[in-house]
Amino acid sequence: GGNESANAGEANGEETYSFRVSLVTPPSHGWTVTATKFNEELQALSNGRMEVQVFPSEQLGSEADMVQQMEIGTLDFGFITNAYMSTRSESLNAWFMPFLFEDLEEASQARRSEEARKMLDELEAQGLVGLDFSFAGERHVLMKDGAIQSPEDLKGKKLRIIGNPVMQEFWTELGVSPTPMPLGEVYSSLQTGVIDGIDIDLDALVSLNLQEISKDLTLTKQMAFPSVVVMSQKVFDSLSVEDQQIVKEAIEAAVDWGVEDAIQREKENLEFLQQAGLNIIDDFDTTSFKPVQEQIYTKYSSNELIQTFIEKNQ
Amino acid sequence: MLLALFVFIILLLLRIPIAIVLGITSVSYIVISGSLGLLQTVPQRLYSGLESYGLLAIPLFMLAGELMNSGGITKRLVRFAKVLFGHYRAGLAYVNVVANMFLASIIGSATAQIAMMSKVMVPAMEEEGYKRSFASATTAAAALLGPIIPPSMLFIIYGVQSGTSIGTMFLAGIMPGILLGVSFILVIMYIGYKHQLPRSEKEPLKNVFEASFKIIPALLVPGIIIIGIISGVFTPTESAAIACLLGIIVGFFFYKDLKIKNIPDILVNTAMTTATVTLLIAMANIFGWVLTFEGIPQMLAKAMTGLTDSPLIFLLLTNLLLLLIGTVIDGIAALIIIVPIYLPMIAMYGIDPIHFGIIICINLTIGLLTPPVGAGLFIASSIGQVKIEALTKSIFPFLVASFVVLIIITVWPEIVLWIPNLAR
Amino acid sequence: MTLTNIFEKLSDYVFKIEKWIVMTLIIAMFVSLTAGVFFRYYLNSPLFWSDEFAIFTLVWLTFLGGSMSIKRQQTAAVTILVDKLNEKLRKLVASIGFFIVFLFCLFIVYYSFIWLSSPNIVLQKSNSMQIPMIYPYLSVPLGFFFMSIHSLHLFLLSLKETS
Ligand code: NA
Ligand code: NA
């Protein structure tokens with residue numbers, strides 16, 4: 001053993017492990033479900049020697065806490081949002097380049113690219129092993145009232161966004177008044193009109209029940225929103241080479257499954273929202289958004305990794 | 001585990017501040033369990049437990065309370081209430097409950113509401129001849145309505161975690177909120193006749209008119225806040241800042257009771273009362289985190305499912321368990337730990353998640369007032385300057401009433417689901 | 001001058017500093033949230049920093065205000081046992097209590113030092129304002145350092161009164 005966090009033990013002369021994986025998302029969210037799948041894969045591949053306990057909903061702390069716990073080696077795995085991780089590693093902003101991917105499938109294929117690998121490798125400097133990217137649905141625009149056809153429709157509108165610099169710049173350039181606000185405040189704020197709309201994925205939209213209080217959903221697909229699946233370097237190094245391989249295979253299988261699940265969920269969510277009476281606009285045209293898109297691409301191309309990532313995926 | 005419990009009790013008896021006791025207990029538990037690496041994460045966990053938008057309402061509503069107290073608003077509100085209801089036995093105690101129900105439709109957090117109302121009602125009731133402990137207990141109990149009558153931080157968090165409709169949760173909170181309010185009024189009636197609570201002379205009509213006229217600027221505060229929230233000018237958290245602004249305007253310009261020289265004291269008082277609460281939240285957060293890390297809540301829940309097949313017995317047992325948990329961890333922290341553990345279980349028993357959500361939220365809200373650890377109890381005790389023991393004693397009848405309401409809504413889910421079903 | 005006197009002066013001085021800082025913090029919190037409403041609703045250009053800034057002031061307020069409430073002994077505590085003791089025993093229990101609080105403060109200060117000297121701390125920037133996270137983080141060690149001064153003073157004082 002020697003590893004206090006992983007609760008290592010011995011059975012029939014072979015090491016057994018009970019890991020912990022921590023997430024900010026609630027139990028029903030796609031990432032949490034993927035983490036549960038990871039547990040199944042791990043148990044199957046290791047013949048029951050390894051298992052991982054899932055801690056959803058920030059039970060083990062905020063994302064800053066998770067990263068710190070992984071650095072020290074008291075936490076084994078984490079699904080960290082790309083929004084948080086990009087505050088600590090610039091190249092990850094590549095995923096937030098607007099209108100880079102046609103759909104979720106295309107975005108998830110980019111996770112196998114050389115650039116994505118390099119982004120994960122850069123995390124090593126922080127005591128983390130970057131394992132993979134897990135996907136939630138693409139981000140769209142939900143408005144209390146009003147479809148989006150051109151930037152004109154967004155001018156002066158108060159849109160709840162995530163407090164990430166790329167998103168902030170993108171929306172500000174479009175003339176939106178970006179309003180960062182905790183997710184828990186969104187329902188009542190949208191209902192009363194503190195905000196006019198939100199930049200959101202369908203999974204979150206449905207779990208927050210925002211369809212109850214809004215009219216128009218434009219499928220803008222402006223960004224992919226992955227989480228970075230990371231492991232504590234300390235814990236990783238304490239495993240045998242074979243066990244390291246098992247962990248890697250298990251996570252890859254789980255994330256592959258998770259992408260399929262996310263695509264399926266997006267379909268189901270869309271059907272549900274249609275039935276719930278939401279007006280869904282699915283022929284959104286990006287042409288009039290091109291100038292702002294180019295501007296953001298140019299600015300973030302100062303990072304070489306982001307530049308190549310854009311070129312290869314455009 | 002037992003050793004940590006022992007440390008906890010000894011430290012409490014040594015009169016060490018409860019916030020620090022929670023911190024030391026967590027640290028000793030980490031040391032006992034041998035996961036020494038966790039020690040390094042304690043300071044950051046302390047920090048991030050506070051990084052929450054909703055908590056901002058606490059200092060700002062405390063400040064608003066201080067400003068309204070010094071600015072003469074409270075005085076006139078109480079005077080107004082007194083000329084209307086004071087001549088009934090325990091009149092001011094009823095006013096307290098009704099005012100809290102009214103305030104609950106603006107505020108989403110019990111701790112914030114306890115803080116604000118304790119500042120306002122306790123001195124007023126004491127002046128009328130009520131015992132300080134009874135005044136604090138009435139206020140703290142009535143302020144429990146804060147997160148039950150919508151809006152509610154707890155309902156929002158539960159809705160997000162469980163994937164149920166927040167709007168439906170809000171509607172489902174109305175009947176339990178009314179039941180709780182009525183049960184508190186019954187308790188006051190009983191105590192009022194048993195202990196001959198104060199009543200005053202009936203006021204002449206002239207005084208009634210005068211007091212009603214003077215109250216108009218004071219009513220601007222809740223008036224503007226409600227209109228502001230409903231029309232989307234600001235969020236409930238921001239409304240706390242607006243309440244301060246209005247408190248300043250009314251205190252300085254209408255009543256002219258507020259003086260510049262009062263301001264430093266008001267600010268320092270606000271800082272210290274806020275910090276006693278938020279430091280406790282930060283420490284309780286570490287405590288909950290250590291328990292979760294070691295899988296204690298999960299273990300308890302597993303033990304429960306083995307006990308029964310009946311959903312009703314399961315829910316009643318859950319109430320009992322939550323009551324126990326609520327004695328040491330309460331409110332949002334407990335909700336965050338418990339909901340993910342319970343969700344698969346309620347699906348197994350076929351329990352309506354809305355019904356369950358209301359039960360768990362009311363239970364954890366009651367936990368705010370159960371000793372030895374209860375944030376609401378500590379706030380009421382420190383603001384009302386009543387010893388915890390005396391407060392606990394006075395609060396007991398209100399707790400019993402809340403439990404009765406809790407059992408009623410556990411056994412008859414129709415009560416909870418009635419209004420949501422009407423809206424469908 | 002005795003050791004107790006020195007710490008009394010020090011503790012009073014720290015309290016004065018804390019007082020000024022918390023007054024500033026509350027005003028800053030109030031102004032930033034009010035300005036947030038004003039800019040969003042009337043000028044239709046939301047301040048992206050107001051919530052985050054207000055949260056940082058709350059964190060600082062908690063640890064400095066917490067330290068002040070230790071000095072003023074206004075924190076919530078259970079007095080059930082202490083109330084039953086005689087004067088001398090009560091002072092003795094108090095001095096033990098203050099010493100334990102003092103040790104706990106040192107513990108937090110020590111581990112905060114390890115935490116904040118990690119090289120990854122400089123990588124962390126806040127979400128909205130992009131300011132280094134070390135600024136809000138520093139509230140933890142500073143608050144507990146001040147708290148350790150107050151509790152050491154209270155310990156020395158009650159020890160003196162016991163003997
Ligand atoms: Na409420
Ligand atoms: Na409690």
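**Group meeting: chain contacts and aromatic rings**

I start with one contact: E238(B) and R40(C) meet through their side chains in a salt bridge, 2.7 Å from N to O. The term stands for a side-chain nitrogen of Lys or Arg within 4 Å of a carboxyl oxygen of Asp or Glu. Between chain C and chain B the count is one salt bridge.

What you see is a predicted model, where local features need pLDDT of at least 70, side-chain atom pairs count only at pLDDT 80 or more, and totals for chains, interfaces and linings use all residues. Residues are numbered from 1 along each chain as its sequence is written, chains are lettered from A and ligands numbered from 1 in the order in which they are written, and side-chain values use heavy atoms, with hydrogens and water left out.

Back to the interface. Four residue pairs, both residues at pLDDT 80 or more, are in polar contact across chain C and chain B. That is a pair of N or O atoms within 3.5 Å; within protein, one must be able to donate a hydrogen and the other to accept it, and residues adjacent in sequence count only if both atoms are side-chain atoms.

Which helix gives the most to the side of chain C that touches chain B? α2(C) does, with 14 residues. Helices here are DSSP runs of H or I, at least four residues, numbered from the N terminus.

In total, 56 residues of chain C and 55 residues of chain B take part in the contact, meaning heavy atoms within 4.5 Å. The two chains, C and B, bury about 5,200 Å² between them, 80% of it on carbon and sulfur atoms. Buried area is the accessible area (1.4 Å probe) lost on putting two parts together, summed over both.

Now the rings. Over all chains there are 38 aromatic pairs, counting Phe, Tyr and Trp (its six-membered ring) with centres within 6.5 Å; planes under 30 degrees apart are stacked, over 60 edge-to-face, the rest tilted. F170(A) and W171(A) form an edge-to-face pair, 4.9 Å centre to centre and 65° between the planes. Both F170(A) and W171(A) are buried, that is, under 20% relative accessible area (1.4 Å probe, protein chains only).

Why is the pair of F314(B) and Y342(B) tilted? Because their planes stand at 55°, with the centres 6.0 Å apart. F314(B) belongs to helix α15 (residues 311–328) of chain B and Y342(B) to helix α16 (residues 331–349), 28 residues apart. F314(B) and Y342(B) are buried.

In chain C, ring pairs join F63(C), F104(C), F107(C), Y110(C), Y111(C) and F144(C) into a cluster.

Terms used. Buried < 20%, exposed > 50% of the residue type's maximum accessible area, 1.4 Å probe, protein only. Helix = DSSP H or I, 4+ residues; strand = E, 2+ residues; numbered from the N terminus.
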